[in-house]
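Student: I have a structure to read. Can we go through it feature by feature?

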Amino acid sequence: NYLDLLQLVPGVAIFRQSDLNSDNATPILGERANNTGFLIDGQMNENEVTGGAATQFNQDTIAEFQVITTGYEAEFGHSSGGMVNVISKSGGNDFHGLASVYHRNNAFDSSDIPGKTTETAIPGQTEPPYLLRWDYDAAAGGAIVKDRVFWFASAENIHENQQLNFVAPPNTPQFLAVQEELR
């Protein structure tokens with residue numbers, strides 16, 4: 001996620017206590033997360049309810065990424081905490097494209113945990129939990145009318161199957177424990 005780069009900027013803290021996959025809490029310089037402004041090509045991109053970016057973009061779509069924490073111009077005046085400004089890529093006179101695939105599979109994982117004892121082991125788990133992840137990405141751009149009108153498109157698809165590492169607490173009714181195993 002491109003918003004993870006916010007962690008590299010002094011004065012920015014990311015809190016993901018309620019939802020680990022959320023970027024809703026991005027306070028800058030101690031301000032509330034809703035006081036951080038998000039722009040994509042100069043257009044507002046904010047979730048007005050919880051803060052953070054309303055729309056996510058894959059990394060191949062982004063040409064520039066800028067975080068402004070203090071001393072920004074009046075054009076960014078609606079946010080007191082800071083601004084996250086993203087400029088997207090555009091096409092050019094020449095056709096350019098890229099494609100990538102990321103794959104992760106539990107067949108390449110190890111179940112060897114140093115110091116693993118029967119107290120820390122997951123009951124019935126001798127192999128790494130099942131995981132199959134494919135991340136497909138493609139981007140391309142070019143000219144519609146040379147030197148005048150350009151196009152750029154990007155797409156990403158993530159497909160993931162995984163097994164939960166959950167052990168039902170003692171005295172959990174059997175019908176609930178079975179449901180967790182089926183997930």
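Tutor: Start with Trp134. At 29% relative accessibility, Trp134 is partly exposed. Buried means under 20% relative accessible area, exposed over 50%, and partly exposed in between (1.4 Å probe, protein chains only). This is a predicted model: local features need pLDDT of at least 70, side-chain atom pairs count only at pLDDT 80 or more, and totals for chains, interfaces and linings use all residues. Residues are numbered from 1 along each chain as its sequence is written, and side-chain values use heavy atoms, with hydrogens and water left out.

Student: How many aromatic pairs does a search of the whole structure find?

Tutor: Rings of Phe, Tyr and Trp (its six-membered ring) pair if their centres lie within 6.5 Å; planes under 30 degrees apart count as stacked, over 60 as edge-to-face and the rest as tilted. The search finds two pairs. Phe95 and Trp151 are tilted, 6.1 Å centre to centre with 40 degrees between the planes. Phe95 lies in the loop between S4 and S5, Trp151 in strand S7, 56 residues apart. Phe95 is exposed at 59%; Trp151 is partly exposed at 29%.

Student: Why is the pair of Trp134 and Tyr136 stacked?

Tutor: Their ring centres are 6.0 Å apart and their planes are at 5 degrees, so the pair counts as stacked. Tyr136 is partly exposed, at 39%.

Student: Which strands form the open sheet?

Tutor: Strands of a sheet pair through backbone hydrogen bonds, either parallel or antiparallel. Here the order is S5-S6-S7, with antiparallel pairing. Strands are DSSP E runs of at least two residues, numbered from the N terminus; two pair if DSSP finds at least two bridges between them. S6 (residues 131-145) and S7 are joined by 14 bridges.

Technical notes: Helix = DSSP H or I, 4+ residues; strand = E, 2+ residues; numbered from the N terminus.
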